[in-house]
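This briefing goes through one protein chain, topic by topic. Please keep the sequence and the structure in view while reading.

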Amino acid sequence: MNNPLKGSACHSMPWNKGKLVGQKAPLRVSEIWAIRVRLEIFGRVRDLALFNLAIYSKLRGCDLVRLRVNDVCHGGHVAARASVMPHSNKAMMAVQIQSLAQSPSR
């Protein structure tokens with residue numbers, strides 16, 4: 001019995017063959033501002049606030065997506081600080097929310 005799927009499974013190419021893997025170079029200031037401008041132009045307020053919070057707090061992506069609205073907003077106002085427990089070291093960390101990250105939700 002010739003099974004066409006059986007032979008192709010052992011000769012498939014890895015998904016990341018020829019791609020850059022590992023740590024990437026940090027964003028340049030010009031690239032950060034280009035991303036901010038595009039998010040503002042398209043009216044992506046939530047994405048802009050998350051992007052600014054990521055830049056200023058230096059949290060990893062998995063820590064940012066675990067944040068809830070209640071963590072950063074209290075009674076309709078953006079809090080000046082938020083407490084986050086990073087995935088890497090499990091120690092509570094206070095994050096300062098900069099004014100630029102606060103501005104889109106006003």
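**Briefing on the predicted model**

Val37 is part of helix α2, which covers residues 29-41. The model is a predicted one. The chain contains six helices and four strands, and 21% of its 106 residues are buried.

**Fold and surface**

- Read from the N terminus, the elements follow the order α-α-α-α-α-β-β-β-β-α.
- Of the contacts in the chain with a separation of 6 or more, 33% join residues 24 or more positions apart.
- The chain has an accessible surface of about 8700 Å², and carbon and sulfur atoms supply 59% of that area.

- Val37 is classed as partly exposed because its relative accessibility is 42%, a value between the limits of 20% and 50%.
- Val37 and Leu48 are 11 residues apart along the chain, and their C-alpha atoms are 9.2 Å from each other.

**Nonpolar core**

- The largest nonpolar core consists of nine residues, namely Leu53, Leu59, Leu64, Leu67, Val72, Ala82, Val84, Val95 and Ile97.
- In soluble globular proteins, nonpolar side chains tend to be buried together.
- When residues up to four places away in sequence are not counted, Leu67 touches Leu53 and Val84.

**Salt bridges**

- Three salt bridges are found in the structure.
- Arg28 pairs with Glu31 in a salt bridge, with 3.3 Å between the closest N and O atoms. Arg28 counts as exposed because its relative accessibility is 55%, whereas Glu31, at 29%, counts as partly exposed.
- A salt bridge also links the side chains of Arg44 and Asp47, at an N to O distance of 2.6 Å. Arg44 has a relative accessibility of 46% and is therefore partly exposed; Asp47 is partly exposed as well, with a relative accessible area of 21%.
- Arg66 and Asp63 form a salt bridge through their side chains, at 3.8 Å from N to O. Arg66 is partly exposed at 43% relative accessibility. Asp63 has a relative accessible area of 3% and so counts as buried, the limit for this class being under 20%.

**Aromatic rings**

- The charged end of Arg36 is placed over the ring of Trp33, at 4.7 Å from the ring's centre.
- How many aromatic pairs are there? The count is zero.

Terms used: Residues are numbered from 1 along each chain as its sequence is written. This is a predicted model: local features need pLDDT of at least 70, side-chain atom pairs count only at pLDDT 80 or more; totals for chains, interfaces and linings use all residues. Side-chain values use heavy atoms; hydrogens and water are left out. A nonpolar core is a set of buried Ala, Val, Leu, Ile, Met, Phe, Trp, Tyr and Cys residues joined through side-chain atoms within 4.5 Å. Buried means under 20% relative accessible area, exposed over 50%, partly exposed in between (1.4 Å probe, protein chains only). Contact means heavy atoms within 4.5 Å. Helices (H or I, at least four residues) and strands (E, at least two) are DSSP runs, numbered from the N terminus. Rings of Phe, Tyr and Trp (its six-membered ring) pair if their centres lie within 6.5 Å; planes under 30 degrees apart count as stacked, over 60 as edge-to-face and the rest as tilted. A charge sits over a ring if NZ of Lys or CZ of Arg is within 6 Å of the ring centre and within 35 degrees of the ring normal. Accessible areas come from the Shrake-Rupley method with a 1.4 Å probe; for residues, only the protein chains shown count as cover. A salt bridge is a side-chain nitrogen of Lys or Arg within 4 Å of a carboxyl oxygen of Asp or Glu.
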